[in-house]
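Subject: Structure for your review

Hello,

Here is the structure I said I would pass on. Please load it before reading the notes below.

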Amino acid sequence: AVFALVRVDVLAGDQVGKTVKNLAEQDDGFDTRWGEMAGRELVAFTRQMFPLSDQREDTFIGGLSMGGFGALRLGSYYHETFSRIFCLSGAFVIDDIAGIKEGYSDDIGDYDCYHHIFGDLEQLKGAPGTRLVRRAGGQGGNVPQVYMACGSDDFLLEKNREMKKALEALGIRVDYEETPGTHDWVFWNRHLEPAIRWMLRN
């Protein structure tokens, strides 16, 4: 069997801001050009380029920090593409940074950092929390399984615990780990292999 790990770099700025604005305005959320590229087109392209399985049960998505948030959103919306999602130290901070002003700063970044990533932060107001996950749940048995891991000293620990509870309340299977560590590559390097093994297990 052939296994491919494909990394996607997200371009920040106006395009991401427009995507987030769509999140707030549309129940469909990631139904945007960027979401379509990552959720469908890239998967189809890699299957054409390499002898990869075209089966949903062999197709996964994952990320860390803000990428973990993105993986959960994309994996939920494109649940017919992906069967499993992994999320390490997920940055579930959208509600916290919606509408922040210049001068704001927290443990992830400051106003300039968030503005660079999302564009107009006023557009984050009203962005759905678990709406896409609920939407996937309404499609029957197609909700991807989720693996989450977060360090016991990570400043996002409570956010990850809250997301775990929210997902489980929706009836989604979540394999969750808390181990010593913080929000850094030491923790992520230690958990990337377990996350990949979790995705590949039967």
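What follows is a summary of the sheet, the helices on it, the cysteines and one leucine.

The model is predicted, so please read everything below with that in mind.

Sheet. Four strands make up an open sheet, ordered β1-β2-β3-β4, with parallel pairing. The edges are β1 (60–64) and β4 (174–179), each of which pairs on one side only. From one strand to the next, the twist averages 10°. Strand β2 (residues 84–88) runs parallel to strand β3 (residues 145–151), and five bridges join the two. Within that pairing, isoleucine 85 stands opposite valine 146 of β3. On the other pairing of β3, six bridges link it to β4, again in the parallel sense. There, methionine 148 has tyrosine 176 of β4 opposite it.

Helices on the sheet. Helix α3 (residues 66–77) lies across β1, β2 and β3, and runs at about 155° to β1. Helix α7 (residues 157–169) also packs on the sheet, where it touches β3 and β4. The direction of α7 makes about 160° with that of β4. Together, β3, α7 and β4 form a β-α-β unit, and this unit is right-handed.

Cysteines. How many disulfides are there? The count is zero.

Leucine 192. This residue is found in helix α8 (residues 185–200). Its relative accessibility is 24%, so leucine 192 counts as partly exposed. Which residues does leucine 192 contact, leaving aside neighbours within four places in sequence? They are Phe86, Leu88 and Trp185. Leucine 192 and cysteine 87 are 105 residues apart in sequence, while their C-alpha atoms are 9.8 Å apart in space.

Regards

Methods:
Residues numbered from 1 in each chain as written. Predicted model: local features only at pLDDT ≥ 70, side-chain atom pairs only at ≥ 80, totals over all residues. Heavy atoms only, no water. Pairing = 2+ DSSP bridges. Axes fitted to C-alpha atoms, helices over the stretch in contact; angles between N-to-C directions. Contact = heavy atoms within 4.5 Å. Disulfide = S-S within 2.5 Å. Right-handed = clockwise from strand over helix to strand, strands pointing away. Buried < 20%, exposed > 50% of the residue type's maximum accessible area, 1.4 Å probe, protein only.
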